[in-house]
Amino acid sequence: MASPEIESLTQALSRLPGLGPRSARRAVLYLLKKREAAMGPLLRALEAVNEALVTCSTCGNVDTINPCSICSDPRRDERALCVVEDVADLWALDRSRLFPGRFHVLGGRLSALEGIRPEDLSIDALINRVAAGGVDEVVLAMNATLEGQTTAHYIAERIEQYPVRLTQLAHGLPVGGELDYLDEGTLAQALRARRPVG
């Protein structure tokens, strides 16, 4: 039996994504064994981030500076804007280093079941960024879910009055995927998005 404090730490860690009770126990045991080398630096890093954490007033990213490091990077193409549902999506796309432009985080997706309406997301802020000018392309990088596609369609309707090129991420066959393992929706999207060979 662990003390209430250690058990509380284990429970707190087990609530993190990707960590269940067993993984959390292993992490706590590691931190206890490597107290000087691991626990101290972890505590200092958590405190530093907690004190400095801000939401970017331009794009909605989470960083320790405002505007965030992406919005303040002069090497970014201001004319290309990629719209994502969440900060995790922004980080995933930015990690790939394939998109040279800037981002806009909606803070979720439209969902009638969850009661999430357009005014609950930062869609108006997105429209204001586009209306201000200087944006040539808006890339809708919504998740390939019903809610994600509904959100993309709603944004497309709101943006169509502005002189910007509107694109969205392609959906279909994953690299290395085998056809017999794919669901019907993925196969249907891949067939609809087929392109010439060569």
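The dialogue below goes through parts of a predicted model and asks how each description is reached.

Trainee: Why is His 104 called buried?

Mentor: His 104, which lies in strand 4 (residues 101-105), has a relative accessibility of 2%, and because buried means under 20%, His 104 counts as buried.

Trainee: Is Asn 61 buried or exposed, and how do you know?

Mentor: Asn 61 is placed in the loop between strand 1 (54-55) and strand 2 (62-63), and its relative accessibility is 2%, so with buried meaning under 20% Asn 61 counts as buried.

Trainee: What makes the pair Asn 61 and Trp 91 a polar contact?

Mentor: The side chains of Asn 61 and Trp 91 are joined at 3.1 Å, which falls under the rule that a pair of N or O atoms must be within 3.5 Å, with one able to donate a hydrogen and the other to accept it. Asn 61 is also in contact with Val 87, and the C-alpha atoms of these two residues are 5.8 Å apart in space although 26 residues separate them in sequence.

Trainee: How do you know whether Gln 149 is buried, exposed or partly exposed?

Mentor: Gln 149, in helix 6, has a relative accessibility of 28%, and because buried means under 20% and exposed over 50%, with partly exposed in between, Gln 149 counts as partly exposed.

Trainee: Which residues does Gln 149 touch, not counting those up to four places away in sequence?

Mentor: Gln 149 touches Met 142, Asn 143, Ala 144, Gln 168 and His 171, and the backbone oxygen of Asn 143 lies 3.1 Å from a polar atom of the Gln 149 side chain.

Trainee: Why is Arg 97 called exposed, and what is said of its phi?

Mentor: Arg 97 sits in the loop between helix 4 (87-96) and strand 4, and its relative accessibility of 73% is set against the rule that exposed means over 50%, so Arg 97 counts as exposed. Its phi is near 55 degrees, a positive value in a residue other than glycine.

Trainee: Where is Glu 36, and why is Glu 36 called exposed?

Mentor: Glu 36 lies in helix 3 (residues 35-52), and because exposed means over 50%, its 70% relative accessibility makes Glu 36 count as exposed.

Trainee: And why is Ala 38 called buried?

Mentor: Ala 38 also lies in helix 3, but its relative accessibility is 15%, and since the cut-off for buried is under 20%, Ala 38 counts as buried. Leaving aside neighbours within four places in sequence, Ala 38 is in contact with Tyr 30 and Leu 31.

Trainee: What makes the peptide bond from Asn 66 to Pro 67 cis?

Mentor: The omega of that bond is near 0 degrees, and the bond is described as cis; Pro 67 itself is in the loop between strand 2 and strand 3.

Trainee: What makes a group of residues a nonpolar core, and how many residues has the largest one here?

Mentor: A core needs buried residues of the nonpolar kinds joined through side-chain atoms within 4.5 Å, and the largest has 18 residues, with Val 83, Leu 126, Val 138, Ile 155 and Ile 159 having the most contacts inside it. Strand 3 (77-84), helix 5 (123-131), strand 5 (137-141) and helix 6 (146-159) each supply at least two of its residues.

Trainee: How do helix 5 and helix 6 pack?

Mentor: They pack at an angle of about 35 degrees, with axes 11 Å apart, and their crossing is right-handed. Among the residues that make the contact are Ile 123 and Leu 126 of helix 5 and Ile 155 of helix 6, and by class the contact has seven nonpolar, no polar and two charged residues.

Conventions:
Residues are numbered from 1 along each chain as its sequence is written. This is a predicted model: local features need pLDDT of at least 70, side-chain atom pairs count only at pLDDT 80 or more; totals for chains, interfaces and linings use all residues. Side-chain values use heavy atoms; hydrogens and water are left out. Buried means under 20% relative accessible area, exposed over 50%, partly exposed in between (1.4 Å probe, protein chains only). Helices (H or I, at least four residues) and strands (E, at least two) are DSSP runs, numbered from the N terminus. Axes are lines fitted to C-alpha atoms, for helices over the stretch in contact, and angles run from 0 to 180 degrees between N-to-C directions. A crossing is left-handed if the near helix is turned anticlockwise from the far one by less than a right angle, and right-handed if clockwise. Contact means heavy atoms within 4.5 Å. Ala, Val, Leu, Ile, Met, Phe, Trp, Tyr, Cys and Pro count as nonpolar, Asp, Glu, Lys and Arg as charged, and the others, Gly among them, as polar.
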